Each structure stands twice: as structure tokens, then as C-alpha cells.
Amino acid sequence: HVGGRDDSVRDFSAGLMLQAHCIRWAIAHRFEEFDFTIGNEPYKHSLGGVDRHIVSRELVTRTGANVGGTLDPTCQDAVRQLIQRYVAKGYRDRARVAATQALETWPALSLDDEIKSLASD
């Protein structure tokens with residue numbers, strides 16, 4: 001999956017040129033199908049693209065707990081930002097669950113006192 005875009009350029013589409021190059025390469029290598037990925041931008045139709053329905057699935061554990069009962073250690077910043085978004089939007093229950101899981105995994109995780117207090121409720 002590759003993309004390119006610069007909205008300030010009006011007379012040249014790097015994305016269109018990239019797609020055209022990829023299509024040319026795919027034809028030269030005898031591919032029979034080219035996936036434009038998601039979106040219904042007009043240029044995709046101009047290059048022969050057709051619409052198709054895509055279905056997404058979400059897989060969760062029976063209990064809703066994370067596999068292994070812990071969070072991936074590489075996602076600390078993303079978890080912190082998610083908790084802050086929950087609090088900002090008023091989703092206190094979601095923030096409480098996320099903060100509790102995060103602090104169980106990373107007791108020294110830097111969170112606001114307000115958020116830490118949610119986890120102890």
C-alpha cells in the first residue's frame with residue numbers, strides 16, 4: 001500500500017502518476033487484478049477501477065480482556081493519548097478501564113492525577 005499527495009500542487013498529481021506506474025508494472029508482470037484500496041476518488045474510476053463492497057470484522061476475546069492479560073509494551077504513548085481523548089470527550093468509563101489496564105501493565109506510566117484517580121475508583 002503506497003500513496004502520495006500534495007494538495008498545494010494543482011497541475012500535477014504525484015498520486016495519479018504513482019498509480020499509473022504501478023498499473024504499468026503490474027501489467028508487465030502479468031497481474032490480472034489491481035487493487036486501488038479503499039476510497040472512491042474519481043481518478044480510480046478514470047483508470048478503470050470498479051466499486052466493490054468491503055466488509056471489516058473486529059475480533060475480541062470472550063472476556064474482552066487483552067490476550068495474555070496485558071498491553072503491548074510498545075504502545076505506551078498511544079494508550080496515554082487514547083485515555084486523554086476518552087477523558088476529553090467525557091467517556092469516563094472507557095478512560096477508567098484503559099487507565100486501569102495501563103497502570104497494571106506500567107505502574108510508572110505518566111498520567112494526570114485526575115486520570116489516575118479514575119483507575120482507583
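Modeller: The model is a predicted one. I38 is found in the loop between α1 (14–28) and α2. With a relative accessible area of 66%, I38 is exposed, since the cut-off for that class is over 50%. Not counting residues up to four places away in sequence, I38 touches K44 and I54.

K44 belongs to helix α2, which covers residues 42–46. K44 has a relative accessibility of 6% and therefore counts as buried, whereas I38 is exposed. The side chain of K44 reaches the backbone oxygen of I38 at 2.7 Å. Once its neighbours within four places in sequence are left aside, K44 is in contact with F36, T37, I38, G39 and G49.

I38 and R94 are 56 residues apart in sequence, and their C-alpha atoms are 29 Å apart in space. R94 is one of the α4 residues that meet α3.

Two packed helices are described by the angle between their axes and the distance between the axes. For helix α3 (residues 76–88) and helix α4 (residues 92–105), the axes come within 8 Å and cross at roughly 155 degrees. Angles over 145 degrees count as roughly antiparallel, so that is how α3 and α4 run relative to each other. The crossing in which α3 passes α4 is left-handed. On the α3 side the residues are V79, I83, Y86 and V87, and they meet R94, A95, A98, A99 and A102 in α4. By class, this contact of α3 with α4 has 8 nonpolar residues, no polar ones and 1 charged.

Helix α4 also packs on helix α5 (residues 113–120), where the axes come within 8 Å and cross at roughly 85 degrees. An angle from 65 to 115 degrees counts as roughly perpendicular, and α4 and α5 are therefore placed in that class. From α4 the contact takes R92, A95, R96, A99, T100 and L103, and from α5 it takes E114, I115, K116, L118 and A119. These residues divide into 6 nonpolar, 1 polar and 4 charged.

Note on methods: Residues numbered from 1 in each chain as written. Predicted model: local features only at pLDDT ≥ 70, side-chain atom pairs only at ≥ 80, totals over all residues. Heavy atoms only, no water. Axes fitted to C-alpha atoms, helices over the stretch in contact; angles between N-to-C directions. Helix = DSSP H or I, 4+ residues; strand = E, 2+ residues; numbered from the N terminus. Parallel < 35°, antiparallel > 145°, perpendicular 65-115°, else oblique. Left-handed = near helix turned anticlockwise from the far one by under 90°. Contact = heavy atoms within 4.5 Å. Nonpolar A, V, L, I, M, F, W, Y, C, P; charged D, E, K, R; others polar. Buried < 20%, exposed > 50% of the residue type's maximum accessible area, 1.4 Å probe, protein only. Polar contact = N/O pair within 3.5 Å; in protein donor to acceptor, adjacent residues only side chain to side chain.
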